[in-house]
Amino acid sequence: MSRRIALEGSFAAAEAAKMADVDVVAAYPITPQTHIVERLADMVANGELKAAYIPVDSEHSAMSACSGASVAGARTFTATASQGFFLMHEVLYWVSAMNQPVVMAVCNRAVAPPQNIWADYSDAMTARDTGWIQLFAVNNQEIFDFILSGFRIGEDPRVLLPVMVHLDGFTLTHVIEPVVLPEQEEVDRFLPKYQHPFALNPDKPMSYAVISSPDIYSETKKAQDVNLRQSKEVALQVWKEFGDMFGRYYSPIERYKCEGARTLLMTMGSLSETAKVAIDGKRARGEDVGLIILHLWRPFPFEELYQAVEDAEVLIVFDRCISLGGPGGPPFSEVRSALFDRRKDIKVVGLVGALCGRNLSVEQFEEMIDRGREIAEKGSKEIFETIGIRG
Amino acid sequence: MAEEESKTVSELTWQDMRFGNIYTKPGSAIRLKTGDWRSQRPIVEAAKCNKCGLCWLYCPDSALKPLEDGYYEPDLDYCKGCGICSQVCPKEAITMIEEEA
């Protein structure tokens with residue numbers, strides 16, 4: 001029997017790592033870190049979780065320790081946020097290119113300066129070329145479910161890739177919501193003990209990431225790109241199995257009230273639930289609007305996007321991050337680029353807002369949809385526009 | 001895994017490179033000589049050498065091979081020409097000379 005209990009987002013992440021029976025947790029415990037690794041440290045200290053907990057001297061070391069543990073065949077977990085996430089950036093590439101299925105909770109926070117600890121995706125978007133699978137959770141249940149399914153996807157012998165589960169700083173990490181926790185034996189059946197097929201072993205010497213030259217680098221990267229793209233098929237299979245077992249089904253793009261919708265709004269993360277309320281209101285007033293929620297950011301779900309917008313004439317992409325001096329938030333520019341050749345007849349509009357945890361109300365989401373339609377019809381002087389920013 | 005031994009590195013395709021950063025067979029360095037960008041090479045004068053082994057200890061690339069008679073010989077397949085052996089030799093038995101173009 002599953003249990004429905006109240007859990008802070010950070011604790012939901014820690015609980016998922018515990019139920020996944022991780023072998024190693026390596027983390028740097030100072031701001032901008034969250035309760036995730038604090039709770040895991042408690043679990044290890046009081047014997048709830050039998051794992052090696054490695055407190056390190058920086059996030060660069062945290063990810064390096066995770067890499068070493070994973071290369072040795074350990075199921076490995078860590079968590080970080082914003083500036084700490086940046087400090088581990090270099091090592092992210094090593095972990096993905098060496099096919100180490102580390103799972104990391106990334107608590108998305110705005111990037112300093114100005115100094116802050118609130119949610120947006122300025123940190124997450126810098127990881128889009130690192131070769132990790134990136135999942136965005138909307139609520140605390142999804143944090144738990146994505147970490148659990150993230151291990152299954154990443155550890156699949158066809159994939160062997162690391163997975164980031166993104167959760168909104170503060171809005172999810174420090175907020176308590178009901179979460180359904182499965183029984184341990186159910187989790188064990190879904191996520192059995194894992195054996196990395198190429199774990200380091202003194203009896204069978206191996207090398208990782210040796211020197212490369214112009215002769216072979218491009219082939220190595222092409223293979224890595226194809227592998228990451230193909231991991232989507234495995235994610236679909238794993239989520240089907242997860243749904244059959246636990247009753248909650250996930251997909252790369254969630255569609256909400258999209259039937260007959262000519263205008264679609266696209267969101268990511270926790271504000272998607274506010275957007276749902278705005279869509280409900282507009283639907284109740286007879287407007288043909290719907291919402292698509294992007295869960296899988298890498299590999300980018302091209303096919304699912306094409307299907308989701310098939311009947312739409314306007315797609316408003318709401319971005320919680322800003323690419324300074326660029327063509328709008330990364331999701332907007334990527335979505336527009338993805339649709340450029342496929343759908344000449346769809347207007348893709350980019351709106352940026354809710355930076356650094358600034359709240360957006362249901363009314364503002366409604367205004368966003370109205371403004372998006374207006375831009376689609378009459379155009380805008382800007383490449384993208386901002387929402388809820390004074391001046 | 002770049003272990004298609006029938007192929008040279010420049011014949012490997014991207015399909016050969018699945019999980020391409022993992023080498024499950026040891027000895028990949030033997031297939032890749034890395035000494036070819038050297039601009040200077042060490043010359044060892046056995047007459048001055050006292051077989052102390054400091055050159056062998058300090059070489060960052062393990063490119064000084066101990067010989068059976070106790071002397072040391074640079075392995076030019078891997079020597080990068082950094083000159084550390086020449087600097088640490090207490091007998092000044094190793095001199096660096098320019099590689100010819």
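A:Pro32 sits in the loop of chain A that runs between β2 (24–27) and α2 (35–45). In this predicted model, A:Pro32 is joined to A:Thr31 by a cis peptide bond, with omega at about 15 degrees. Another cis peptide bond links A:Arg298 and A:Pro299, where omega is about -5 degrees. A:Pro299 is likewise a loop residue, placed between β13 (296–298) and α10 (302–308) of chain A.

Most peptide bonds are trans, and most residues other than glycine have a negative phi. Two residues with positive phi follow. A:Asn99, which is not glycine, has a positive phi near 55 degrees. The loop that holds A:Asn99 lies between α5 (89–97) and β5 (103–108) of chain A. In chain B, B:Glu92 also has a positive phi, near 50 degrees, and belongs to the loop between α3 (84–88) and β5 (94–98) of that chain.

Are these residues buried or exposed? A:Asn99 counts as buried because its relative accessibility, 4%, is under the 20% limit. B:Glu92 counts as exposed because its relative accessibility, 60%, is over the 50% limit.

| Site | Backbone value |
|---|---|
| A:Thr31–A:Pro32 | omega about 15 degrees |
| A:Arg298–A:Pro299 | omega about -5 degrees |
| A:Asn99 | phi near 55 degrees |
| B:Glu92 | phi near 50 degrees |

The remaining points concern the contact between the chains. Chain A contributes 25 residues to the contact and chain B contributes 18 residues. Together the two chains bury about 1,900 Å², and carbon and sulfur atoms give 68% of that area. Which three residues supply more of the area that chain B buries against chain A than any other three? They are B:Trp14, B:Phe19 and B:Asn21, with 34% of the area on the chain B side. By class, the chain B side that touches chain A is made up of ten nonpolar, six polar and two charged residues.

Polar contacts between the chains, counted where both residues are at pLDDT 80 or more, amount to four residue pairs.

Strand pairing also links the two chains. Strand β1 (residues 22–23) of chain B and strand β9 (residues 207–208) of chain A pair in the antiparallel sense, over two bridges. Within this pairing, B:Tyr23 of β1(B) has A:Ser207 opposite it.

Notes
Residues are numbered from 1 along each chain as its sequence is written. Chains are lettered from A and ligands numbered from 1 in the order in which they are written. This is a predicted model: local features need pLDDT of at least 70, side-chain atom pairs count only at pLDDT 80 or more; totals for chains, interfaces and linings use all residues. Side-chain values use heavy atoms; hydrogens and water are left out. Contact means heavy atoms within 4.5 Å. Buried area is the accessible area (1.4 Å probe) that two parts lose on being put together, summed over both. A polar contact is a pair of N or O atoms within 3.5 Å; within protein, one must be able to donate a hydrogen and the other to accept it, and residues adjacent in sequence count only if both atoms are side-chain atoms. Ala, Val, Leu, Ile, Met, Phe, Trp, Tyr, Cys and Pro count as nonpolar, Asp, Glu, Lys and Arg as charged, and the others, Gly among them, as polar. Two strands pair if DSSP finds at least two bridges between them. Helices (H or I, at least four residues) and strands (E, at least two) are DSSP runs, numbered from the N terminus. Buried means under 20% relative accessible area, exposed over 50%, partly exposed in between (1.4 Å probe, protein chains only).
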